[in-house]
Amino acid sequence: MPPTAIQPTKKNAVGVKVPRTMREQLLILLSRYREASIAVVAIVLVIYFQLGSDGGFLSPSFMSVVLRDTGRLGLIATAEVMLMITGEIDLSLSAIFSIAPYIMALLSVTYGVPLAVGAVIGVLIGILVGAINGIVTVRFKVPSLITTVGTLFFLQGIVVSIYNSQPIVAPVEQPFNAIFGQSLYQPTDALLSWHGVTAFTPFLWALLVVLVLALVLNRTTFGLHTIATGSNIIGAREIGVRTDRMKIYNFMIAGGCAAFAGIINTAQFTSADPQAGSPFLTLQAIAAAVIGGTSLLGGSGTVIGALIGAFVVASLNNGLVMIGAQATVSDIYLGAAIIAAMILSIQVDRLRTRRRV
Amino acid sequence: MNTQTIPPLAPDAPVVLEMTNISKSFGAVTALVDVSIRLRQGEVLALVGDNGAGKSTLIKILSGFHQPDTGTIVSQGKEVRFASPRDARAHGIETVYQDLALIGDLSVFHNMFLGREYHKRVLGLNLLDNRKMREQAQLYLDTLGISIPSVNSTVDLLSGGQRQCIAVARSIYSSPKILVLDEPLAALGVRESAHVLGLIQNLRQQRQVSVILIVHNYNQIFEVCDRINFLHSGEIALDASTADTSEEELIRIVKSGLGRKAIDAAAAQVRPGPA
Ligand SMILES: Nc1ncnc2c1ncn2[C@@H]1O[C@H](COP(=O)(O)OP(=O)(O)OP(=O)(O)O)[C@@H](O)[C@H]1O
Ligand SMILES: [Mg+2]
């Protein structure tokens with residue numbers, strides 16, 4: 001029923017500024033297609049390395065290395081994006097990355113538990129650690145930066161004390177290894193052979209997880225409430241969003257992703273190293289998330305951007321070495337890229353128009 | 001506004017809400033002491049008081065955001081206990097908070113439907129029905145005569161007044177039994193606040209929805225409210241109907257910070273002399 005007659009006010013009367021300069025228009029374009037802007041960076045980088053390496057960069061064998069690293073980093077970066085959207089962060093993911101496959105391998109060599117079963121247990125452990133991180137953070141109001149540094153040391157301490165820091169040689173069980181982490185592409189492989197395709201499984205799994213989480217984030221109530229929690233936690237709570245639960249669930253997703261990444265890593269190297277994940281891995285993943293267009297302020301983020309960001313980081317790490325730079329040089333580029341991405345992201349936020357959620 | 005055309009509330013209108021002896025402290029800060037309010041079917045109740053008097057705290061208890069230290073809430077004859085705003089909303093109590101509770105990073109239509117999203121089944125998955133929400137939001141805002149550039153724009157791009165209109169529209173959308181508005185006119189221009197007051201007047205005319213309205217402007221109170229509760233330092237100092245009270249009297253009472261009984265008593269003491 002229309003209320004007392006009131007003429008609608010003029011459209012566009014207030015609130016929306018019309019962009020004027022080229023620079024503003026460009027930034028608005030970037031804000032609308034965040035993934036696209038990082039994708040352009042990735043393509044430029046590929047062309048640069050491809051030319052610099054006389055065509056070696058895009059060869060299947062080198063790509064299987066870059067994409068393996070992309071998959072590992074991308075899973076963890078995606079995990080961080082989910083948390084960063086809710087306004088939290090998890091620094092313990094590298095320890096989950098180590099402990100989950102370590103337990104899988106340990107169960108296999110001591111009790112003969114099949115790797116597939118051990119993998120499920122490993123992922124459940126990751127989810128459990130995530131739940132603990134989340135509960136401590138929201139119930140006891142400990143900042144997640146601190147909570148997760150705590151669990152980082154705690155888990156790292158446990159995993160190295162199990163076997164006195166010794167790596168465990170994980171058995172090879174087919175098709176488990178082919179499905180979750182095959183050895184790298186061999187020059188003798190054909191691209192469409194079984195081994196040729198399965199050499200890319202680490203990346204393909206990361207891609208699958210990213211696509212699922214992108215769907216969750218953009219098309220489900222869970223995603224909507226995750227964004228609401230990070231954007232305006234008081235407001236979200238006032239309107240009935242269960243913000244504590246949303247945070248805990250996202251910690252659990254993150255823990256599960258990190259465990260899965262660790263299991264893939266172990267399947268590929270057929271060895272569970274208690275120090276497989278160093279805190280540096282988490283930091284690189286956060287870098288990939290930021291480069292991919294997720295801000296630390298909460299309320300927005302893109303998991304697809306995080307995967308492309310992971311590809312950029314993995315390309316820098318491997319490509320620079322390939323074209324003859326020293327291995328350490330890539331960190332210089334990475335550092336500069338993080339700061340540039342952050343500046344750009346803040347500029348873009350300022351001129352943001354609408355988001356395609 | 002059609003103030004004169006609205007007949008007074010029927011004396012036998014049923015009580016829809018009774019909050020009794022509500023107390024609430026935040027650590028050392030006592031926000032409310034034994035506050036009781038009562039709302040009848042179709043009534044528009046004004047809640048006034050100084051800054052920090054506890055108005056927002058009281059309505060946040062009603063909305064389930066805070067839990068009272070003591071006291072009871074009886075709604076539609078049943079004692080209720082709201083553990084969260086979800087419970088209160090499910091019970092037909094909608095609130096426009098002073099901070100509006102809008103999510104800046106989400107679009108207008110997502111904000112409109114936050115917490116009661118429309119879904120559709122796609123390949124067995126329960127996905128958001130964005131198209132439906134977009135259309136419904138547009139339709140509803142048009143019906144209310146609220147105009148914004150686009151229901152797709154994120155809320156943080158809207159002006160303060162536009163945001164307030166969205167928050168009010170969201171609260172009315174689900175046809176609540178009880179509507180609570182915490183300073184819904186604060187950022188509105190003259191036209192827009194006349195518009196929102198018109199919406200409230202409209203609800204009052206139909207006597208279906210009961211409204212608790214927190215406002216600081218006394219003109220507006222006398223325009224649309226049936227009764228006034230004056231909250232002073234965490235206690236109800238005055239409960240009067242707008243028909244029996246003049247605006248000057250209300251201003252005098254609020255300025256003095258005392259209840260009407262105290263003022264009448266003081267006036268009686270000095271009555272012998274000329275005023
Ligand atoms: N979450 C909280 N934690 C601690 N103290 C609080 C909290 N919320 C309110 N208070 C205190 O309770 C008292 C009442 O606050 P409240 O917001 O209810 O006042 P109000 O009547 O709505 O004021 P205003 O007109 O300024 O909106 C104030 O002293 C305030 O500082
Ligand atoms: Mg208030």
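What percentage of the 275 residues in chain B is buried? In this predicted model, buried residues make up 54% of the chain. Chain B contains nine helices and 12 strands. Its C-alpha trace spans about 80 × 40 × 35 Å along the principal axes. Among contacts in chain B with a separation of 6 or more, 64% join residues 24 or more positions apart.

The chain carries 27 positive and 28 negative charges, and their mean positions lie 5 Å apart.

Over all chains, 14 salt bridges were found. Two of these involve Asp226(B), a buried residue with a relative accessible area of 10%. One partner is Arg204(B), with the closest N and O atoms 2.9 Å apart. Arg204(B) lies in helix α6 and Asp226(B) in the loop between α7 and β11, so the bridge ties together parts 22 residues apart in sequence. Arg204(B) is also buried, at 7% relative accessible area. The other partner is Arg207(B), again at 2.9 Å from N to O. Arg207(B) sits in the loop between α6 and β10, 19 residues from Asp226(B). Arg207(B) is buried, as is Asp226(B).

Glu79(B) and Arg81(B) form a further salt bridge, with the closest N and O atoms 3.5 Å apart. Here Arg81(B) is exposed, with a relative accessible area of 69%. In chain A, a network of salt bridges links Arg68(A), Asp69(A) and Arg72(A).

Note on methods:
Residues are numbered from 1 along each chain as its sequence is written. Chains are lettered from A and ligands numbered from 1 in the order in which they are written. This is a predicted model: local features need pLDDT of at least 70, side-chain atom pairs count only at pLDDT 80 or more; totals for chains, interfaces and linings use all residues. Side-chain values use heavy atoms; hydrogens and water are left out. Helices (H or I, at least four residues) and strands (E, at least two) are DSSP runs, numbered from the N terminus. Buried means under 20% relative accessible area, exposed over 50%, partly exposed in between (1.4 Å probe, protein chains only). Contact means heavy atoms within 4.5 Å. Lys and Arg count as positive and Asp and Glu as negative; His and the chain ends are not counted. The place of a charge is taken as NZ of Lys, CZ of Arg, CG of Asp or CD of Glu. A salt bridge is a side-chain nitrogen of Lys or Arg within 4 Å of a carboxyl oxygen of Asp or Glu.
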